Amino acid sequence: MAYMFPTIVLLSVVIAGLTHATRLARWREQDVFRRLVLTPVALPSIVFGASLVQILMGLLQGLVMLVFGVFVLQLKLNWLGCLIAIGVMVLAAATFITIGSFIAAMTNKAEIAGYIFMFLLLPLIFLGSFPTEMMPAIMNSITPWLPTSMAIELIGVLFYSGHLPENALFDLFGLLGYLLLFSILSAWKLRWKG
């Protein structure tokens, strides 16, 4: 359980992207964006606010799993590392919220957005959670570039050792890169398709 626990926490954090993807796709499907343009609040601010709510929901789910791991599973976690990991959890949630935004911008139906998000998330979680010695060499050259691998590596090391891993900069900048890339792509697509 100690080995899989960071993956379970990450999954509970990033699943918030599913809700966000389906919400934005539903807004597009029902022409809510056209109505929101008439409000005194700018449309990007409304979408950003909805994103923040989902990030907080993902963080809350991750914290519930963290409490479950400590008190029910009795995992010996480093408290300082757990506090630092909360920042990584927020970054991971934000990254998957932007991925959900991009998916919503590319689809016209909420159901399809949900299917696509889960179709991507499950393999990413699966591939990101296995140790390198269990994977073929070709996969070991791909998995470090996955956002789930980056987040699981950071969270796992922080939970148990209390410090960042050796390749922390690669993982942190990788998650930030995905966050920026999908933010830009989804903002561009939503602006034209709103």
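**Group meeting: helix packing and the nonpolar core**

Asp 31 is partly exposed, at a relative accessible area of 36%. The scale here is simple: buried is under 20% relative accessible area, exposed is over 50%, and partly exposed is in between, with a 1.4 Å probe and protein chains only. Asp 31 sits in the loop between H2 and H3. Its phi is positive, about 55°, although Asp 31 is not a glycine.

Some ground rules. This is a predicted model, in which local features need pLDDT of at least 70 and side-chain atom pairs count only at pLDDT 80 or more, while totals for chains, interfaces and linings use all residues. Residues are numbered from 1 along each chain as its sequence is written, and side-chain values use heavy atoms, with hydrogens and water left out. Helices are DSSP runs of H or I with at least four residues, numbered from the N terminus.

Gln 74 has a phi of about 55° and is not a glycine either. Its loop runs between H4 and H5. Gln 74 is exposed, with a relative accessible area of 54%.

How do H4 and H5 cross? Helix H4 covers residues 43-71 and helix H5 residues 79-106; their axes come within 9 Å and cross at roughly 145°. Axes here are lines fitted to C-alpha atoms over the stretch in contact, with angles from 0 to 180 degrees between N-to-C directions. The crossing of H4 and H5 is right-handed, meaning the near helix is turned clockwise from the far one by less than a right angle.

Who meets whom? Contact means heavy atoms within 4.5 Å. On the H4 side, the residues include Ser 51, Gln 54, Ile 55, Leu 59 and Gly 62. On the H5 side, they include Trp 79, Cys 82, Ile 86, Met 89 and Val 90. The residues of this contact divide into 13 nonpolar, three polar and no charged.

Val 70 is buried, with a relative accessible area of 17%. Leaving aside neighbours within four places in sequence, Val 70 touches Leu 75, Leu 77 and Trp 79. Look along the chain too: Val 70 and Ile 46 are 24 residues apart, and their C-alpha atoms are separated by 36 Å.

Next, the core. Nonpolar side chains tend to be buried together in soluble globular proteins. A nonpolar core is a set of buried Ala, Val, Leu, Ile, Met, Phe, Trp, Tyr and Cys residues joined through side-chain atoms within 4.5 Å. The largest one has 55 residues, and those with the most contacts inside it are Leu 10, Val 14, Trp 27, Leu 77 and Phe 159. Helices that each supply at least two residues include H1 (5-14), H2 (16-29), H6 (110-128), H8 (147-161) and H9 (168-193). Which helix gives the largest share? H5 does, with 14 residues.

H1 deserves a look. Eight of its 10 residues are buried. Among them are Phe 5, Val 9, Leu 10 and Val 14. The cover over the buried residues of H1 includes H2, H4, H5, H6 and H8. Beyond neighbours within four places in sequence, Val 14 contacts Ala 92, Phe 96, Phe 117, Leu 121 and Ile 125.

On to H6. Ala 113 lies in this helix. Ala 113 counts as buried, at 0% relative accessibility. Again leaving aside neighbours within four places, Ala 113 is in contact with Ala 21, Ala 25, Ile 103 and Thr 107. Ala 113 and Ala 25 are 88 residues apart in sequence but 6.6 Å apart, C-alpha to C-alpha.

In H9, take Ala 187. Ala 187 counts as partly exposed, at 47% relative accessibility. Its C-alpha is 8.3 Å from that of Ser 101, 86 residues away in sequence.

Last, the aromatics. Rings of Phe, Tyr and Trp (its six-membered ring) pair if their centres lie within 6.5 Å; planes under 30 degrees apart are stacked, over 60 edge-to-face, and the rest tilted. That rule gives six aromatic pairs. Phe 126 and Phe 130 are edge-to-face, 4.8 Å centre to centre with 70° between the planes. Phe 130 counts as partly exposed, at 30% relative accessibility. Phe 102, Tyr 178 and Phe 182 form one aromatic cluster.

Notes. Nonpolar A, V, L, I, M, F, W, Y, C, P; charged D, E, K, R; others polar.
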